[in-house]
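Please keep the sequence and the structure in view while reading the points below.

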Amino acid sequence: MPHWADISYQDEATLQSSQTQPALTIGTRGSPLAMAQAEEVRDLLSKVHGLAPDTIAIKVIKTSGDIILDRPLSEVGGKGLFTKEIERALETGEIDLAVHSSKDMSTSLPEGMQICAFLKREDVRDAFISLVAKSPDHLAEGAKIGTSSLRRAAQFKRFRKDFRIVGFRGNVQTRLKKLADGVADATLLAIAGLNRLDQDHRATLILDERDFPPAPAQGAICIETRLDDARTTQLAAALSHRETEIRVLAERAFLEKLDGSCRTPIAALSTLEGDRLTLFGQILSPDGSQAFEAEMTGTRTDGQQMGFALGEKLIAEAGPDFIAQFNR
Ligand SMILES: NCc1[nH]cc(CCC(=O)O)c1CC(=O)O
């Protein structure tokens with residue numbers, strides 16, 4: 001992770017003199033959530049570096065994840081789907097930086113790319129949205145949960161075996177319409193996304209993160225740049241939030257250890273109090289019938305090591321076939 005102080009200032013003059021062309025081009029998906037996140041990064045860059053907002057362009061890039069809307073992500077290729085085309089644009093120089101939801105990022109980046117900043121993390125929890133029940137407990141026997149997230153499906157099946165899972169994608173409005181049409185009785189979304197879209201009032205209940213632990217890195221926006229672009233990297237790295245970085249890197253190390261594919265439901269949650277870092281991890285069978293979880297504590301510099309160790313611990317507990325069985 002490059003730091004502000006480590007990077008040379010060689011290109012500062014170029015930046016200040018480029019008045020006619022955008023100084024920087026941000027690449028993002030075109031979904032309302034992605035746009036809101038890109039705008040947040042643009043506003044922060046402008047504020048922190050005193051750049052006029054109109055010198056920072058936002059370029060929308062269509063990704064396979066936006067095009068393939070009818071199948072669950074886990075079937076069509078998982079996390080990389082939202083980032084591949086954007087990373088291609090970064091590689092060709094069409095954009096200078098890419099803004100992503102950290103939880104959508106694969107643990108292995110393409111060569112020549114780096115995550116140079118994690119913005120201060122939002123609320124990590126999932127929101128429960130229903131037009132018929134005020135909490136998961138209040139849902140009727142056999143209620144339908146609309147989600148395409150393997151983690152959320154497994155956690156809800158674990159919570160109540162009688163729940164039925166129906167595939168559900170789309171933005172907040174689409175989901176609410178589906179709920180109104182009776183396609184499902186409840187759905188789940190990250191409260192961070194709802195907050196960024198000023199849609200948090202749609203949440204029926206915010207779920208306790210100990211009952212329904214979030215996806216690794218949920219709620220944290222990240223910025224990706226080219227390794228060889230010191231100027232943009234320096235500007236973007238200045239936005240990074242150290243505590244978020246520590247927590248998200250620990251959670252992503254846990255994910256990296258386990259993520260043979262994206263077919264295993266995985267949850268992680270870290271906390272950082274002073275120097276004390278705690279990392280909780282959970283893996284489940286897709287039907288929720290089996291779950292393995294553990295927690296580790298260490299200091300703030302141990303994050304990645306703890307993530308790998310926690311992953312290994314759960315693999316040892318679950319047995320080597322646990323993850324392999326879902327990949328067949
Ligand atoms: N997979 C889509 C996605 N990627 C990031 C978020 C939420 C925002 C975040 O975690 O920062 C969402 C939507 C959701 O899960 O509700």
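The buried residues of helix H11 are covered by elements that include helix H10 (242–258), strand S12 (276–284) and strand S13 (291–299). The model described here is predicted.

**Helix H11**

- The buried residues in H11 are Gly 303, Met 306, Gly 307, Leu 310, Gly 311 and Leu 314.
- Viewed down the axis of H11, these buried residues fall within an arc of 135 degrees, so they line one face of the helix.
- H11 covers residues 303–318, and at 1.5 Å a residue its 16 residues should span 22 Å. The C-alpha atoms at the ends of H11 are 22 Å apart, in agreement with that expectation.

**The chain and its domains**

- The chain has 328 residues, of which 43% count as buried.
- Its secondary structure amounts to 12 helices and 13 strands.
- Among contacts in the chain with a separation of 6 or more, 70% are between residues 24 or more positions apart.
- Three domains are assigned: domain 1 (4–121 + 220–240), domain 2 (126–206) and domain 3 (249–324).
- A distance of 25 Å lies between the C-alpha centres of domain 2 and domain 3. To the contact between them, domain 2 gives 7 residues and domain 3 gives 10 residues.

**The sheet that contains strand S10**

- This open sheet has 5 strands in the order S2-S1-S3-S10-S4, and its pairing is mixed.
- Strand S2 (56–60) and strand S4 (113–118) are the edge strands, each pairing on one side only.
- On average, neighbouring strands of this sheet are turned by 30 degrees against each other, direction ignored.
- Helix H2 (residues 32–49) packs on the sheet and touches strand S1 (24–28), S2, S3 and S10. The direction of H2 makes about 160 degrees with that of S1.
- Strand S3 (residues 97–101) pairs with S10 in the antiparallel sense over 5 bridges. Within S10, Glu 224 is the bridge partner of Ala 98, and Thr 225 stands opposite Leu 97.
- S4 and S10 also run antiparallel and are joined by 5 bridges. Here Met 113 stands opposite Arg 226 in S10.

**Strand S10 and Ile 221**

- S10 is mostly covered, with 6 of its 6 residues buried.
- In a regular strand, side chains alternate between the two faces of the sheet.
- From S10, Ile 221, Ile 223 and Thr 225 point one way, while Cys 222, Glu 224 and Arg 226 point the other way.
- Ile 221 belongs to strand S10 (residues 221–226). Ile 221 counts as buried because 27 other C-beta atoms lie within 10 Å.
- Not counting residues up to four places away in sequence, Ile 221 touches Gln 37, Glu 40, Val 41, Val 99, Ser 101, Ser 102 and Leu 119.
- Ser 149 is 72 residues from Ile 221 along the chain, and the C-alpha atoms of the two are separated by 19 Å.

**The sheet that contains strand S5**

- A further open sheet is formed by 5 strands in the order S7-S6-S8-S5-S9, with mixed pairing.
- Strand S7 (164–166) and strand S9 (205–206) each have a single partner strand, so one side of each is left without a neighbour in the sheet.
- Strand S5 (residues 126–130) and strand S8 (residues 186–190) run antiparallel and are joined by 5 bridges. Thr 187 in S8 stands opposite Ile 129.
- Helix H7 (residues 172–180) lies across S5, strand S6 (144–146) and S8, and runs at about 165 degrees to S8.

**Ala 127 in strand S5**

- Ala 127 is located in strand S5. Ala 127 counts as buried because it has 23 C-beta neighbours inside 10 Å.
- Apart from its neighbours within four places in sequence, Ala 127 is in contact with Leu 188, Leu 189, Ile 191, Leu 194, Ala 203 and Ile 206.
- Ala 127 and Arg 202 are 75 residues apart along the chain, and their C-alpha atoms are separated by 8.8 Å.

Key: Residues numbered from 1 in each chain as written. Predicted model: local features only at pLDDT ≥ 70, side-chain atom pairs only at ≥ 80, totals over all residues. Helix = DSSP H or I, 4+ residues; strand = E, 2+ residues; numbered from the N terminus. Buried ≥ 20, exposed ≤ 12 C-beta atoms within 10 Å, placed from the backbone. Contact = placed C-beta atoms within 7 Å. Expected span 1.5 Å × (residues − 1). Arc of directions from axis to C-beta. Pairing = 2+ DSSP bridges. Axes fitted to C-alpha atoms, helices over the stretch in contact; angles between N-to-C directions. Domains from an automatic or database assignment.
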